[in-house]
Amino acid sequence: MAHIKFAARQHDLTPDETVLECLERAGHDIPFSCRTGVCLTCLMRVSTGTPPSPSQAGLRESQKEQGYFLPCVCHPSEDLELVSPSDAELYGRAIVSEVTHLNDSICRVRLRTATPLFYHAGQFINLRRDDGVVRSYSLASVPRLDDTLELHIKRLGGGKMSNWIYNDLAVGTAMDMQGPNGDCYYIGMEPARPLLLIGNGTGLAPLYGIARDALVDGHKGPMYLYHGSRTAKGLYYGDELTALAREHENFHYIPCLSGEEDDVRGALGAEQGRAEAVAMTAHSDLAGWGIYLCGYPPMVLTAKKLAFLAGAALHDILADPYEMQDLRRIPRE
Amino acid sequence: MPDSLYERIGGADAVDAAVDLFYRKVLTDADVSHFFDTTDMDGQRAKQKSFLTMAFGGPHEYTGQDMRTAHAKLVEDGLNDSHFDKVAGHLQATLEELGVDAGAIGEVMAIAGSTRDDVLNR
């Protein structure tokens, strides 16, 4: 059995327990959010020992070398001595420069950082409120095009952070920010390959960034962006995407509605059905394509499987599923 | 000295070429697809990859006990000889599709077949 040492106390790990669970059981207050090895909120560092490699998946090489790992997915086989990274190592400050309500549930937030952030459109950052609540949001902005960071935030029943941002966040507020994280972004190695981008809800944010990043990079292959929503109001940014399609003949925007009557759908020129189903019907052979999937986890999982079965290689399928820890216990509105 | 099976078949490149083809075949076969988790497709692909590396005579650290532990839950869920045969069939079809010669296919199928009792926890 492995032991862990933290804050001058030693703890025995029970079988099947993660390091995070063990620390919580022992009464330590460790910040966490997704508990699935994605969001990096619980990031810790070893001062002695080697963390198992699955607990370092998704970290940058420099972080791995420094012993950073994710306690929420760490099942160590050897003894580890742990330290919490200091705030200064992880968090910087960002100032809110804009909050725009796009409709009655989605708002756009723009942030300025003291020093320019080196990032790719489609990566995500973690925002921390003064009371310690941390949430991840994907970047819709493109470094070469935008001088602020752009986030799209949907307010949902029970969402602690999203309701606060939608209702109360004021321009000029300073927030703690960590990132960028994640590997769902445009890689300009194959400018002629076709790209398929599928998202629902505010999964559009990273896709909007990725699409503009690819276009400004000179991507020549056809690009199809399918944005799905149950209701018409969820298809925000329609004007921006239509304009993008007008400017670039290789970019195609296909809005999809799964829950509206024919006349509403017709007026918007939207397709009938879920975005992933509409997309897969239109593109049956995805061999050699680059695929981006962003949004609710069930859609991302289904679309990943369908894209793979349609011939896409798994390493060409990049995904950014939401994490929705506030919402899991709450029925759909 | 003749090349090893792994070298004749094409080594790691052959495993890379085979893994997506093979995984696609088992996922589209309604009789066995439910044994292949799709919530973690990358993890699942990695497992297929190490299995294929072993079946191709390549470097591996599999033990019979690993095979038993890894499949114990699936056996509880009803994994039996007919499923094993179907998956083996998909492996053979994958190799034929890649143009592997019949002799090497026979050797791969013999290695894969040798795992039957461990996979089925007998």
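**Close-ups of chain A**

**View 1. A strand pair at one end of the antiparallel sheet.** In β9(A), Tyr137(A) is the bridge partner of Ile125(A). Keep in mind that this is a predicted model. The two strands involved, β8 (residues 124-128) of chain A and β9(A), run antiparallel and are joined over five bridges. If you're new to sheets: their strands pair through backbone hydrogen bonds, in either a parallel or an antiparallel way.

**View 2. The whole antiparallel sheet.** Zoom out from β8 and β9, and you get an open sheet of six strands in chain A, in the order β9-β8-β11-β6-β7-β10, with antiparallel pairing. Look at the edges: β9 (134-138) and β10 (149-154) of chain A each have a single partner strand, so one side of each has no neighbour in the sheet. On average, neighbouring strands here are turned by 40 degrees against each other, if you ignore direction.

**View 3. The parallel sheet.** Chain A also has an open sheet of six strands whose pairing is parallel, and here the order reads β15-β14-β13-β12-β16-β17. Its edges are β15 (271-272) and β17 (317-321) of chain A; each has just a single partner strand, so one side of each is left without a neighbour in the sheet.

View 4. How many bridges link β13 (residues 223-229) and β14 (residues 251-257) of chain A? Seven, and the two strands pair in the parallel sense. Helix α6 (residues 238-247) of chain A lies across both β13 and β14, at about 150 degrees to β14(A).

View 5. Helix α9 (residues 297-309) of chain A lies across β12 (195-200), β16 (290-295) and β17 of chain A. With β17(A), helix α9 makes an angle of about 170 degrees.

View 6. You'll find Leu43(A) in the loop between α1 (19-25) and β3 (44-48) of chain A. Is Leu43(A) buried or exposed? Buried, because 22 other C-beta atoms lie within 10 Å, and 20 or more count as buried. Leaving out residues up to four places away in sequence, Leu43(A) touches Tyr68(A), Leu70(A), Pro85(A) and Leu90(A). Glu21(A) is 22 residues away from Leu43(A) in sequence, and their C-alpha atoms are 14 Å apart.

Note on methods
Residues numbered from 1 in each chain as written. Chains lettered and ligands numbered in written order. Predicted model: local features only at pLDDT ≥ 70, side-chain atom pairs only at ≥ 80, totals over all residues. Helix = DSSP H or I, 4+ residues; strand = E, 2+ residues; numbered from the N terminus. Buried ≥ 20, exposed ≤ 12 C-beta atoms within 10 Å, placed from the backbone. Contact = placed C-beta atoms within 7 Å. Pairing = 2+ DSSP bridges. Axes fitted to C-alpha atoms, helices over the stretch in contact; angles between N-to-C directions.
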